[in-house]
Amino acid sequence: MTKHEWRKKEKSIYQPKTEPQFIDVPSFQFITLAGEGNPNSESFSEYIGALYSLAYGLKMNLKKEALQPEGYQDFTVYPLEGVWDLNEEAKRTFTGTFSKDDLVFNLMIRQPDYIPLEYMEHIRQEVLKKKSNPLVEQIKIERIQEGPCVQMMHVGSYDDEPASFARMEDFTKKMGSTRLSKIHREIYLSDFRKVDPEKLKTILRFGVDKIPG
């Protein structure tokens, strides 16, 4: 049985162009972990570690199951994603700039639809027994449908993302659509611990009211 590799099989979602484009994102199943604070802090890495411990726990245990769920296919673990916003106090006092300490995030890793909810919960309990990271207990299992969006591939430092978002917003307006909110999604295709900042690949995406045409 061939492995499902999202980079090859789902290019429209995970391999966009470096120019803004519209996409209608369907409903997917995720494990999610919400938090608040600076993504450069040491505590932020604990959130990432908790999600990946469950994601790999699910993948590896499914491979070993004698009775696998209907539709099972081995898969490459999906990339880390983050939905970003500002806390309420920062929104009230926003003047065009903000502190990263005021960021609110919901990190997530997509899971194949064939994995039953009860199986995810079972593996979460197994991971909790083996890992000392208490954040595993806070992980939720959610189905999320983004719907109409604008996205593009951002190549470079995370600090340079505002320029890409400006291009995306300009594209959205020119095409007659409207950005729904300042909340946005980032999909991390590169490991920032191993890749130089100028070579990082990150998908940027935000919701819009409609896709023209």
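Which backbone nitrogen lies 2.8 Å from a polar atom of the side chain of Ser190? It is the backbone nitrogen of Lys201. Good morning, colleagues. Please bear in mind throughout that this is a predicted model.

Let me place that contact. Ser190 sits in the loop between β5, residues 184-188, and β6, residues 201-207. Its relative accessible area is 14%, so Ser190 falls under the 20% limit and counts as buried. Setting aside residues up to four places away in sequence, Ser190 touches Tyr158, Val195, Lys199, Leu200 and Lys201.

I turn now to the nonpolar interior. In soluble globular proteins, nonpolar side chains tend to be buried together. The largest nonpolar core here has 47 residues, and those touching the most other members are Ile31, Leu51, Leu107, Ile109 and Ile139. At least two residues of this core come from each of α2 (11-14), β1 (21-36), α3 (42-64), β2 (80-86), β3 (103-111), α5 (117-130), β4 (140-155) and β5. The greatest contribution is that of α3, with 9 residues. As for Leu51, its contacts beyond four places in sequence are Ile31, Thr32, Leu33, Leu80, Leu107, Met108, Ile109 and Ile139.

Met152 deserves a moment of its own. This residue belongs to strand β4, and its relative accessibility is 1%, which means that Met152 is buried. From Met152 to Phe165 the separation is 13 residues in sequence and 8.9 Å in space, C-alpha to C-alpha. Beyond its neighbours within four places in sequence, Met152 is in contact with Pro16, Lys17, Thr18, Glu19 and Pro20, with Ser164, Arg167 and Met168, and with Thr202, Ile203 and Leu204.

Finally, the helices. Two packed helices are described by the angle between their axes and the distance between the axes. For α3 and α5, the angle is about 115 degrees and the axes are 9 Å apart. The two helices are therefore roughly perpendicular to each other. The crossing of α3 past α5 is right-handed. Which residues meet where these helices pack? On the α3 side they are Ser53, Leu54, Gly57, Leu58, Asn61 and Leu62, and on the α5 side Tyr119, Met120, Ile123, Arg124 and Val127.

Thank you; I welcome your comments.

Note on methods:
Residues are numbered from 1 along each chain as its sequence is written. This is a predicted model: local features need pLDDT of at least 70, side-chain atom pairs count only at pLDDT 80 or more; totals for chains, interfaces and linings use all residues. Side-chain values use heavy atoms; hydrogens and water are left out. Helices (H or I, at least four residues) and strands (E, at least two) are DSSP runs, numbered from the N terminus. Buried means under 20% relative accessible area, exposed over 50%, partly exposed in between (1.4 Å probe, protein chains only). A polar contact is a pair of N or O atoms within 3.5 Å; within protein, one must be able to donate a hydrogen and the other to accept it, and residues adjacent in sequence count only if both atoms are side-chain atoms. Contact means heavy atoms within 4.5 Å. A nonpolar core is a set of buried Ala, Val, Leu, Ile, Met, Phe, Trp, Tyr and Cys residues joined through side-chain atoms within 4.5 Å. Axes are lines fitted to C-alpha atoms, for helices over the stretch in contact, and angles run from 0 to 180 degrees between N-to-C directions. Angles under 35 degrees count as roughly parallel, over 145 as roughly antiparallel, 65 to 115 as roughly perpendicular and the rest as oblique. A crossing is left-handed if the near helix is turned anticlockwise from the far one by less than a right angle, and right-handed if clockwise.
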